[in-house]
Amino acid sequence: MNQAMIETGVVESTPATLLADLQELRDNASYRFDRLLDVTAVDRGETLELVYRLHSLQTNRDLVVKASIDPAKPEIVSVSGLWEAALFGEREVQDMFGVVFTGHPDPRPLLAPEDGFGFFPLRKNYKLPGRSGQQAGR
Amino acid sequence: MAQLKLEHNGVTACGTELYLLNMGPQHPSTHGVLRVLLELDGETVVQATPVMGYLHRGLEKLAEARTYPQFIPYTDRLDYVSSMCNNLAYCQTVEKLIGAEVPERAEYIRVIMAELNRIASHMLFIGATALDLGGMSGMMYTFRDREYILDLFNLASGSRLTYSYVRIGGVMNDISPEFIELLRKFLADLPGMLTEYDNLINGNEIFQARLKGVSIVPVGRLISQGVTGPVLRASGIDYDLRVKKPYGIYNRFQFAVPTGSVGDNWERYLMRVLEISESAKIIAQALENLPEGPVMAKIAKVIKPPVGEVYHANETPRGELGFHIVSDGSTKPYRLHIRRPTFYNLGCVNALCQGVKIADVAAVLAVLDPCMGEADA
Amino acid sequence: MFGIGLIKGLSVTLRRCFSKPNTVEYPEQRLPVGPMFRGGTLDLNQEKCIACSLCALACPNNAIELATEKTESGKKALTLYRHHMPVCLFCNYCVEACPTQAIHWTQDYEMSSLTYDEQIIDCMAAKGGAR
Amino acid sequence: MQESASLWVGLGRVIKQAVLAATGAPWVAELVHTLAGVVGILSIILLSALVLVYLERKVCAWMQMRLGPNRLGPFGMFQTIADIIKLMTKEDIQPAQVSPVMWGLAPILLFMAAMTTYAVIPFDAGVIFADLNIGIFFFVAVGSQATLPMLMAGWSSNNKYAMLGGMRTVAQMISYEIPLVFSLLGVVMITGSMKMSDIVKAQEGLWFIVTQPIAFLVYLIASVAETNRTPFDLVEAESELVAGPFTEYSGMRWAYFFLAEYAFMVGASCIAATLFLGGWNGPFLPGWIWFFIKVAAMIFLFMWFRWTFPRIRVDQLMSFGWKVLLPLSIVNVVVTGIGLWLFFPLV
C-alpha cells in the first residue's frame with residue numbers, strides 16, 4: 001500500500017490483509033480516509049469482488065479498495081469496527097451475495113425477509129424469473 | 001410481545017422495566033414503510049433499530065436485465081420525490097462511461113430541473129416535518145407550493161412524479177418559453193412562500209422548542225456512519241458534492257452551502273429551508289445564462305459502452321447518490337450498484353434516537369427525510 | 001420572543017381562513033393534463049403502424065405485447081397489440097421509438113378497474129380511449 | 001331580569017304546569033321537568049357534537065385553503081350525519097386481548113363525566129340544570145373524572161400505544177388541573193361565591209376577562225390541555241401514538257370518545273364564557289344567544305389553535321405546566337387577594 005497506488009484511485013487488497021489495510025488507510029495521517037461511503041460486491045464469475053469505497057473529508061480524495069473472495073466459500077472479515085457505515089452496507093451485501101462477514105455484530109438480514117430470500121439475487125447464477133401468468137409480456 | 005427477550009438485562013437504574021415498541025411499518029410518522037423497533041424506558045428511547053426492506057424491488061438486479069437507457073425510468077422510482085436528481089445522476093454516470101458530451105443548453109436545463117426538484121423535495125420535507133410534529137396545516141401550505149413545481153415538470157416532461165426527463169446525452173425535450181415564463185413567476189413568488197413558512201412553521205416557538213437541542217450526536221460518529229447531505233452539513237461539515245466535486249456545470253454558479261454548528265434536529269431542519277433559497281439562486285443564474293442550441297447529443301440508438309467500471313455521485317436532496325456501473329461491453333450493465341443516501345443515513349437512527357422521547361423519534365425520522373423507495377432499492 | 005411566533009402563526013392561518021381555497025372539485029372541474037401528458041393508455045393508429053415492434057423493444061418493462069404476420073403482399077401486419085397497463089412505467093419510450101408516430105397517449109387518467117384483465121388494453125380493438 | 005328571561009324558562013314552566021294539571025301529582029311534574037332538562041342537555045351535547053364536527057372540518061379546510069365537506073346536502077352539512085350512520089352501522093370489534101369489562105366501560109364513563117359537567121352550566125338566566133352553590137367546584141371535580149376512563153381505556157386495550165396514551169393522560173390532566181383550578185380561584189375570590197348564577201350576575205357591569213386577564217390566559221391554556229387538543233394533544237398524538245387510548249376502539253365505542261371529547265370542549269368553552277366573558281350578559285339579544293355567541297367564539301379559538309400549532313413534547317408539557325402556568329396562576333391569586341384587600345377591605 002503506497003502513495004502511488006492510492007493516486008490511481010483503486011487499490012487491490014486481499015481478504016487476509018483487508019482489515020489491516022483499511023485501518024492503515026483510515027488512521028495513517030497522510031491518507032486519512034475517514035469515510036466509508038459504500039460497501040458492495042461484484043460477481044466476477046470465478047471470484048466475488050468486494051468493493052469498499054472510501055472518501056477523505058480532509059483531502060477530498062476517493063479510493064476504492066477491492067478484495068476478491070471465493071464465491072464457494074464467501075467469507076470475509078467485517079470492517080464495521082472501523083466505520084459504522086459498514087454495519088448496513090455489509091448486511092446488504094450479505095443479503096444480496098451471501099457473503100458472511102465475520103465479526104459483524106448484527107448479521108440479521110436487512111433488506112431480505114427475516115429468514116432470507118432463500119437465494120442470493122445479485123449473484124450471476126440467479127436468473128430473473130419471467131413474469132408469471134397474465135403479466136406475460138413479450 | 002412481552003415475552004421478547006431484551007438485549008439488556010431488562011432492568012434500568014430506576015428499577016423500571018424496558019419494553020419493546022414496534023413503530024411501523026404502518027405508522028403515521030414513519031415515512032413510507034420504515035419500521036423502527038424501539039426499546040423504551042417509559043417514554044425514553046434506549047435503543048432504536050431500523051428495520052427495512054419492505055419496499056425492496058431488486059432494482060440492481062433488474063438493471064442487469066435492462067439496457068442502459070431502459071433503466072432511467074427505474075431511477076425515477078428510487079427516491080420518488082426527487083426523480084430528476086436521480087435521472088441526472090444515472091445519466092451522468094453512463095455519459096462518463098461512454099464519454100459522451102452533453103449540449104450546453106441541456107446542461108443548463110438539467111441544472112434548472114435538478115434544483116427545482118430539490119426545492120420540491122425540501123418543501124415536502126418541511127411539510128412532513130410539520131405534520132410529524134403535529135402541526136397539520138403546515139403540510140397543506142408546502143404541498144400547495146410544491147404543486148407549482150410539479151405543474152412545471154408536467155409541462156416539461158408530461159409527468160408529475162416519475163419524469164424520466166434527463167436522458168443519456170441530454171434531456172427528453174426542450175423547455176418551452178411558457179415554461180420559462182412560469183418558472184420566473186415561481187421564482188418571484190418563492191420568497192413570499194418562504195415567509196409564510198417562516199411565520200407558520202419555522203418561527204413557531206413550539207416548533208423550535210421541539211427541535212432545538214435534540215439528538216445532538218458527535219460529528220465523528222456521523223462521519224463514520226457514512227451520513228451525507230443536509231444531515232451531515234448540519235453538524236458543521238461543509239461537504240456538498242456540487243461544490244467539492246462539481247459535476248455537470250455546477251462550477252459555473254455562485255451559491256452558498258448552508259452549514260450548521262450544533263448539529264441538532266433544528267439545524268438539520270434549517271439546512272433544508274436555507275437550501276431552498278440557494279437553489280433558487282442557482283436557477284435564476286441558469287435562466288439568465290441559458291444558451292440556445294440542441295438539447296440532445298448525437299448518441300447511438302444502441303448504447304454499447306466500453307468494458308470498464310465507473311462511479312459517479314450527485315448531491316440529491318437527501319445526500320450523495322452514487323451509481324457504480326460495471327460494464328462488460330454489452331448493451332446491458334454487468335452490475336449496477338446504487339449508493340443510496342437514505343440507506344446510509346438511516347444507519348444513524350439509533351445514534352440519534354438514544355435518550356430522546358418517543359415524540360422525538362418522529363422528529364428524528366422527519367429530519368432524516370428518509371425515502372424508503374430509495375433505502376430499500 | 002415568546003408568543004410572537006405563535007401569534008404570527010395564528011395570523012397566517014386566520015388570513016388563509018378568509019382567502020380563496022386552492023382546491024379543484026375533481027369530478028366536476030378538471031385540471032388540464034398538459035401538452036406532454038404521459039399516462040392513460042396507448043392509442044394506436046393502425047394505418048400508420050408498420051409493425052416494426054420497435055416500441056415493444058424499447059419498453060423497459062415488456063408492457064407491450066404484439067404479434068405480427070406476413071401478409072400476401074409481403075408486408076408485416078399486426079395481429080395483436082396489447083398494452084399491459086399495470087406493468088407500464090409511462091416512460092414514453094415507446095412513443096419516442098415509433099418511427100411513424102403511430103402511437104400516442106390517450107388523455108384519460110381515470111384508469112382504475114375492477115379486475116386485472118380490464119387493465120390489459122387491446123389497442124387494436126379500441127379506438128381512442130380504450131375503455 | 002329573571003322574570004323577563006327567555007323562552008326556555010317559560011317552556012320549562014309550561015311543561016311543569018301541564019303535567020301538574022294532567023296528573024295532579026307535584027312529584028311527577030318535578031320528575032318530568034327534570035327529565036326535560038336531561039333531554040335538553042343531551043340534545044345540546046349531541047347537536048353541538050354534530051355541528052362541531054362539521055365546523056371543525058370546515059374551519060380546518062379553510063385554514064388549509066381547502067373546501068372541506070361540500071358534497072352531502074347544502075355546503076356538505078349532512079356529512080356528519082352520514083358519518084354517524086356509518087359509525088352506528090359499523091361492526092363492533094372487540095380485540096381478543098382486551099380486558100372486556102373495563103374496555104367496554106371506559107367510553108361510557110368518559111361520556112358520563114362529560115355529560116355531568118353540563119349540569120352546572122348556566123345557558124341563560126335561570127336556565128341551569130342545577131344551580132349548585134358549589135357550581136365551579138362541581139365542574140372541576142366532575143371534569144377531572146375524565147382521567148380515569150382514559151387510563152382505563154389505555155390500560156385495558158392491552159396495546160402499548162394505548163397504554164402510553166393512558167399514562168400521558170394521567171400526567172397531563174393532573175398537571176393542568178391545578179393551574180386550571182387556581183385560575184378559576186381568582187374569579188371566585190372576587191365574587192365570593194362558587195355559584196354560577198352569582199358569578200354571571202357579578203359580571204353585569206364588567207367582564208372578568210378585564211379584571212382577570214392572566215387568569216383567563218391560564219384557563220385558556222389549561223383547558224386546551226384538559227380537552228386534549230393541539231398543542232397539547234399528547235394523549236392522542238397521531239404522529240407518535242397512532243391514536244393513544246382510542247387505538248383499539250372502533251365504531252360506536254370510538255364515537256363515544258369522540259362525543260365526550262367534543263362535549264368537554266364545549267363544556268370548557270361554556271365555563272370560559274360564564275366566568276370570564278360575562279355569561280349570558282349582553283345588550284339587545286336574548287341571553288342564551290349571547291351565551292351561544294361567546295361559546296362559539298371560544299370554540300373557534302380552540303379550533304384555530306389546533307390547526308396552527310404543532311404538538312408540544314411530554315417533558316415540555318410537564319415543565320410548562322409546573323414551572324410556568326402554576327406559578328403564574330398562584331401569582332394571579334395573590335395579586336387578586338392583595339387587590340381585594342386594598343380596594344374592598346373586609347369589614
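**A covered helix of chain D**

Helix H10 of chain D is mostly covered, with 10 of its 14 residues buried (20 or more other C-beta atoms, placed from the backbone, within 10 Å of a residue's own). The model is predicted: local features need pLDDT of at least 70 and side-chain atom pairs pLDDT 80 or more, while totals for chains, interfaces and linings use all residues. Residues are numbered from 1 along each chain as its sequence is written, and chains are lettered from A and ligands numbered from 1 in the order in which they are written.

H10(D) covers residues 213-226; helices here are DSSP runs (H or I) of at least four residues, numbered from the N terminus. Its end C-alpha atoms are 19 Å apart, in agreement with the 20 Å that its 14 residues should span at 1.5 Å a residue (1.5 Å times one less than the number of residues).

The buried residues comprise D:Ala215, D:Phe216, D:Val218, D:Tyr219, D:Ile221, D:Ala222, D:Ser223, D:Val224, D:Ala225 and D:Glu226. Their packing partners within chain D are helices H5 (135-143), H7, H9 (208-211), H12 (251-275), H13 (287-306) and H14, contact being C-beta atoms, placed from the backbone, within 7 Å. After H10(D) comes D:Asn228, with a positive phi near 55 degrees.

Definitions and conventions. Helix = DSSP H or I, 4+ residues; strand = E, 2+ residues; numbered from the N terminus. Buried ≥ 20, exposed ≤ 12 C-beta atoms within 10 Å, placed from the backbone. Contact = placed C-beta atoms within 7 Å.
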